[in-house]
Amino acid sequence: MWKSIRILLLLAVLLAVALHTWLDRVATQSWQEPLWVGLFPLNADGSAQADEYVAALGVKDFAAIEDFFGREARRYGLKLEQPVHLELYPPGSRLPPALDPSAGPLGIAWWSLKLRYFAARATSVPGRAPPRIRLFLLYHDPATLERAPDSHGMQKGLVGVVHLFADRGMAGSNSIVIAHELLHTVGASDKYDPGNGSPLFPSGYGDRNQDPLYPQELAEIMAGRRALSSYQWDMPRSLAGVLIGPETALEIRWTH
Ligand SMILES: [Zn+2]
């Protein structure tokens, strides 16, 4: 008797979690009103450079990202003029839990639970409506780090951890990384080869019908790189050189 009740309770919890995830997905892929995305900047390495950079951040530093989503939505015939609304929150002081690069599937699952718990607490700011999507922007001093750690955007939990460089000259590439992780949270998948980073053909190409094919003029956002030849690629300087390809548009339900 008690055993059945326990099993029933467990099933109810699992069902509630699944329902919640499904409702999140429906709400973030309906594109009936602007999707509210909260940006939570953080000093990732404790450096003075990151401190200064984070303190100087303003809404206008992220305007290119809103413009990018607006421009691409228009191209796909979305009725919504502004699909994504970005809200900048004051810099936080606690860093999200870090993912051990050697973590297995269980380790990743545990980390994602901890991250969701962290996000729930870190993003409740008195007097402000909670955003639908939460992105933690971790700024690093480029002098101390050659390559930023891997960023993660997750549809389950609607949360992202985004590693960026605290350098004005890299604001354009930072915007590309933020848009990429934001798209992960609404269901887009990567379109590059995880082994070497090359854009996948055709889904990771800006224009699969371009003639000649190389060099590609634009990059697809979920590839993040522009194919210069079959074995060379580079990152565009800003979102002006990036588009949302048809496979990504389908994944985020801009098309059906
Ligand atoms: Zn990705």
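# Salt bridges, a zinc site and backbone details

Student: What is the relative accessible area of arginine 128?

Tutor: It comes to 31% for arginine 128, a partly exposed residue. Buried means under 20%, exposed over 50%, and partly exposed in between (1.4 Å probe, protein chains only). This is a predicted model, in which local features need pLDDT of at least 70 and side-chain atom pairs pLDDT 80 or more, while totals for chains, interfaces and linings use all residues. Numbering runs from 1 along each chain as written, and side-chain values use heavy atoms, without hydrogens or water.

Student: Which residue forms a salt bridge with arginine 128?

Tutor: Glutamate 87 does, with the closest N and O atoms 2.8 Å apart. A salt bridge here needs a Lys or Arg side-chain nitrogen within 4 Å of an Asp or Glu carboxyl oxygen.

Student: Is glutamate 87 buried or exposed?

Tutor: Glutamate 87 counts as buried because its relative accessibility is 18%.

Student: How many salt bridges in the whole structure?

Tutor: The search finds nine. One of them pairs arginine 132 with aspartate 24, with 3.8 Å between the closest N and O atoms. That pair links distant parts of the chain, 108 residues apart: arginine 132 sits in the loop between helix 4 (105-122) and strand 3, aspartate 24 in helix 1.

Student: Why does aspartate 24 count as buried?

Tutor: Because its relative accessibility is 12%. Arginine 132, at 38%, counts as partly exposed.

Student: What about glutamate 72?

Tutor: Glutamate 72 meets arginine 71 in a salt bridge, 3.0 Å from N to O. Glutamate 72 is buried, at 1% relative accessibility, whereas arginine 71 is partly exposed, at 29%.

Student: OK, new topic. Which residues coordinate the zinc ion?

Tutor: His180 and His184, each through NE2, and Asp190 through OD, at 2.1 Å. Donors are N, O and S atoms within 2.8 Å of the metal (3.2 Å for Na, K and Ca); water is not among the atoms, so sites may look incomplete.

Student: How are the donor residues spaced in sequence?

Tutor: The spacing is H-x3-H-x5-D.

Student: Is histidine 184 buried or exposed?

Tutor: Histidine 184 counts as buried, since its relative accessibility is 13%. Aspartate 190 has a relative accessible area of 33% and is therefore partly exposed.

Student: Backbone next. Where is there a cis peptide bond?

Tutor: One joins phenylalanine 201 and proline 202, with omega about 5 degrees. Another joins aspartate 211 and proline 212, with omega about 0 degrees. Proline 202 lies in the loop between helix 5 (171-185) and strand 6 (219-220), and proline 212 is also placed in the loop between helix 5 and strand 6.

Student: What is phi at tryptophan 31?

Tutor: Phi is near 55 degrees there, a positive value in a residue other than glycine. Most residues other than glycine have a negative phi, and most peptide bonds are trans. Tryptophan 31 sits in the loop between helix 1 and strand 1 (35-43) and is buried, at 7% relative accessibility.

Student: And arginine 253?

Tutor: Arginine 253 has a positive phi too, of about 65 degrees. The residue lies in the segment after helix 6 (246-251) and is partly exposed, with a relative accessible area of 42%.

Conventions. Helix = DSSP H or I, 4+ residues; strand = E, 2+ residues; numbered from the N terminus.
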